[in-house]
Amino acid sequence: MENEERILDAALEEFSAHGFRGATIDRIADHAGMSKPNLLYYFRRKQDMYEALIARLLDTWLEPLRELNATGDPLPELQSYIRRKLEMARDFPRESRLFANEILQGAPRIKRLLETELKPLVDEKVEVLQGWMTDGRINTVDARHLIFSIWSTTQHYADFDTQVRVILGPDRGSEGRFEDAARYLETLFLDGLRPQNRAGDTPRFRTL
């Protein structure tokens with residue numbers, strides 16, 4: 001198990017940097033600090049390592065969406081979702097780049113997983129969002145595009161981290177950039193989704 005984890009960590013480094021086609025078993029073995037024959041004892045093909053990483057990644061990636069609770073208060077639920085996605089961008093940047101690279105190639109190796117695991121979960125949460133909209137608890141928007149928007153804005157901080165840090169500069173490009181991003185995205189999404197009260201005012205949302 002320890003050797004498998006070493007191999008998968010090395011494979012993640014290679015795949016996230018070079019994509020599936022650009023990664024080589026020789027470099028993965030070098031990163032893992034073992035011989036190529038030893039590596040092949042645990043994983044016979046590059047494809048096997050890639051599929052193991054993608055399966056683990058997709059399960060981790062979907063967990064914040066699974067936690068969106070239909071019985072909860074919509075705005076705090078969405079705030080928590082945004083923050084969990086940003087935490088993933090902070091803690092799993094290599095995994096995010098691996099997933100982005102696969103999608104950019106047309107998802108040739110994970111399309112089945114997208115169809116059987118991702119889409120049913122998104123469909124389920126779209127019903128939750130639409131229920132909140134029907135009840136007047138959040139403003140009516142396209143629920144699927146709302147999810148896409150949260151994905152794209154939060155994962156930007158992983159996939160384009162170098163750009164983010166350069167533009168923010170040394171004063172704001174440190175670890176605190178994720179908290180700054182969280183506050184901004186909360187304002188962007190939650191103020192847009194908050195229904196107006198009878199007086200036409202839009203009270204500010206209290207942070208958790």
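First, the ground rules. The model is predicted, so local features need pLDDT of at least 70 and side-chain atom pairs count only at pLDDT 80 or more, while totals for chains, interfaces and linings use all residues. Residues are numbered from 1 along each chain as its sequence is written, and side-chain values use heavy atoms, with hydrogens and water left out.

Now the chain. It has 10 helices and zero strands; helices (H or I, at least four residues) and strands (E, at least two) are DSSP runs, numbered from the N terminus. The C-alpha trace spans about 70 × 45 × 30 Å along its principal axes. Of the 208 residues, 42% count as buried. Buried means under 20% relative accessible area, exposed means over 50%, and partly exposed is in between, with a 1.4 Å probe and protein chains only. Among contacts with a separation of 6 or more, 66% come from residues 24 or more positions apart, a contact being heavy atoms within 4.5 Å.

On to the rings. Rings of Phe, Tyr and Trp (its six-membered ring) pair if their centres lie within 6.5 Å; planes under 30 degrees apart are stacked, over 60 edge-to-face, and the rest tilted. That rule gives five aromatic pairs. One of them is Phe15 with Phe20: the centres are 6.0 Å apart and the planes are at 15 degrees, so this pair is stacked. Phe15 has a relative accessible area of 0%, so it is buried. Phe20, at 13%, also counts as buried.

Tyr50 is at 2% relative accessibility, so it counts as buried. Phe15, Phe20 and Tyr50 form one aromatic cluster.

Which charged ends sit over the rings of Phe20 and Tyr50? A charge sits over a ring if NZ of Lys or CZ of Arg is within 6 Å of the ring centre and within 35 degrees of the ring normal. Lys46 does this over Phe20, 4.6 Å from the ring centre. Arg109 does it over Tyr50, at 5.2 Å.

For contrast, take Leu40, in helix H3 (residues 36-42). At 29% relative accessibility, Leu40 counts as partly exposed.
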